[in-house]
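Grab a pencil and have a go at these exercises. Try each task on your own before you read the worked solution under it.

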Amino acid sequence: MKDKNPLSPHIQIYNWHISSLISISHRITGIINIVIITLICFWVALLLLGSSNYELVQNFFETFIGKFVIVGTVWSFSFQILSEIRHIFWDLGFGFELKTSNITGLLVIFGSLVLTIVILGKNLVL
Amino acid sequence: MVQINLPKNSKVQKGEYYKDKTGSKNIRKVNIYRWDPSTGKNPRIDTYEVDMDNCPSKVLDLLNKIKNEIDSSIAYRRSCAHGVCGSCAMNIDGKNGLACTKPHKEIKGDINIYPLPHLRVEKDLIGDLNILYKQYASVEPWLKISKKDEDKENLQSIEDRSKLDGLYECIMCACCSTSCPSYWWNGDKYLGPAVLLQAYRWIIDSRDEDRKERLKKVADELKLYRCHTIMNCTNACPKGLNPAKAIASIKKMLATS
């Protein structure tokens with residue numbers, strides 16, 4: 001028999017918090033990173049086939065989309081690493097207080113941006 | 001499974017608008033989720049204009065005022081009105097909490113009140129918590145002890161007793177469990193923060209003799225490890241407890257034992 005009672009609204013109405021936002025971003029960047037690592041493998045394999053392939057990829061990285069992919073990749077990995085460090089502390093039993101977790105959450109968000117800028121350095125000037 | 005959209009019969013529609021009749025100048029709009037099982041209709045949001053000059057401070061007072069003076073058909077659970085029983089747990093302004101302890105002054109703009117998220121609605125703001133109670137029973141929330149020496153007190157050191165602080169205060173209002181996305185998607189299998197906090201309360205009790213069995217029972221991919229530290233539970237708890245930490249403590253005990 002089909003239940004006639006409705007299901008109460010959930011994700012449609014629930015407020016986002018720093019921690020829930022980072023949790024979902026952590027998953028999304030995780031999936032993106034797997035795709036990126038696979039692509040990097042293909043890239044390396046492509047280079048083995050000769051210089052024309054190298055130029056092909058190089059030309060792609062010169063475009064706006066290519067540059068976006070590079071910055072995005074660095075940010076995605078930065079975010080994943082910092083968020084993973086936060087998770088390690090959690091697994092050790094530290095940082096569960098609301099205040100602490102909010103602060104570490106903000107550190108992850110801003111830290112990932114800073115790390116992206118530091119890693120790319122001068123190359124960031126598009 | 002993850003299902004972001006609500007089923008067809010759960011889509012919320014616009015409801016009725018109750019205009020203020022008192023002529024008060026201090027008016028707030030209150031949007032309340034309504035569903036009447038006697039009609040075949042979808043749930044709706046009714047809007048009430050409430051005279052705030054004659055309304056006590058908490059959201060529960062607001063609901064009582066609406067029920068007494070504007071629309072007596074509205075249904076919600078409440079009992080103690082002092083944050084002890086946990087009956088009036090609901091979703092207020094996008095966050096789970098107890099209506100009786102939440103001041104409406106803290107809410108900006110219109111006040112939105114929904115039942116606890118992702119539950120089978122019985123009527124209006126009343127959600128069906130049967131699954132949660134069954135899960136609670138499954139952790140056998142009572143002291144297991146072999147001694148039958150009934151003349152003697154079962155003593156506990158101050159240090160051991162202090163391990164129960166932050167756990168025994170839980171009133172099982174379900175604010176945490178119904179705030180947890182993991183519990184939304186896997187509520188039938190994952191135990192959820194409320195029940196896991198209770199499980200930990202018995203695991204860590206120095207007088208209990210069943211610790212190993214309790215840990216073994218809870219060590220399950222779905223029952224326990226669906227917790228991904230989203231922290232919505234700790235954010236929601238109206239008693240200021242930390243279910244996320246309790247769950248992490250169980251995980252840690254399992255990893256180190």
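**Exercise 1. Work out how the span of helix α1 of chain B compares with the expected span, and where its buried residues sit.**

Step 1: Start with the length. Helix α1(B) covers residues 59-70, which makes 12 residues. (Helices are DSSP runs of H or I with at least four residues, strands are runs of E with at least two, and both are numbered from the N terminus.)

Step 2: Check the span. From first C-alpha to last, α1(B) reaches 15 Å, close to the 16 Å expected at 1.5 Å a residue. The expected span is 1.5 Å times one less than the number of residues.

Step 3: List the buried residues. They are B:Val59, B:Leu60, B:Leu62, B:Leu63 and B:Ile66. A residue is buried if 20 or more other C-beta atoms lie within 10 Å of its own, exposed if 12 or fewer, and partly exposed in between, with C-beta atoms placed from the backbone.

Step 4: Look down the axis. These residues sit on the same side of α1(B) because they cover an arc of only 160 degrees around the axis. The arc is taken from the directions from the helix axis to the C-beta atoms. An α-helix has 3.6 residues a turn, so residues three or four places apart point the same way.

Step 5: Find the packing partners. The buried residues of α1(B) pack against β2 (27-34), β3 (44-51) and β4 (89-92) of chain B. Contact here asks that two C-beta atoms, placed from the backbone, lie within 7 Å.

Before you go on, a word on the source: this is a predicted model, where local features need pLDDT of at least 70, side-chain atom pairs count only at pLDDT 80 or more, and totals for chains, interfaces and linings use all residues. Residues are numbered from 1 along each chain as its sequence is written, while chains are lettered from A and ligands numbered from 1 in the order in which they are written.

**Exercise 2. Describe the two faces of strand β4(B) and find its partner strands.**

Step 1: Take the faces. B:Ala89 and B:Asn91 are on one side, B:Met90 and B:Ile92 are on the other, and all four are buried, which leaves both faces covered. In a regular strand the side chains alternate between the two faces of the sheet.

Step 2: Go to β5(B). It pairs with β4(B) in the antiparallel sense over 4 bridges, and B:Met90 stands opposite B:Gly97. Strands pair if DSSP finds at least two bridges between them.

Step 3: Go to β6(B). This strand also runs antiparallel to β4(B), joined by 2 bridges, with B:Ile113 opposite B:Ile92.

Step 4: Inspect the turn. β4(B) and β5(B) form a hairpin with 2 residues between them. B:Asp93 in that turn has a positive phi of about 55 degrees although it is not a glycine.

**Exercise 3. Decide whether B:Asp93, B:Ala174 and B:Thr101 are buried or partly exposed.**

Step 1: B:Asp93 has 19 other C-beta atoms within 10 Å, so it is partly exposed.

Step 2: B:Ala174 has 24 such atoms, so it is buried. You'll find B:Ala174 in the loop between α3 (158-162) and α4 (181-186) of chain B, and its phi is positive, about 75 degrees, although it is not a glycine.

Step 3: B:Thr101 counts as partly exposed because it has 16 C-beta neighbours inside 10 Å. B:Thr101 belongs to the loop between β5 and β6 (111-114) of chain B. Leaving aside neighbours within four places in sequence, B:Thr101 is in contact with B:Lys58, B:Gly83 and B:Pro238.

**Exercise 4. Find out how the two domains of chain B meet.**

Step 1: The C-alpha centres of the two domains lie 31 Å apart.

Step 2: Count the contact. It takes 14 residues from domain 1 and 11 residues from domain 2. On the domain 1 side, the largest share, 4 residues, comes from strand β5 (residues 95-98) of chain B.

**Exercise 5. Sum up chain B as a whole.**

Step 1: Count the elements. Chain B has 8 helices and 8 strands.

Step 2: Of its 257 residues, 39% count as buried.

Technical notes:
Domains from an automatic or database assignment.
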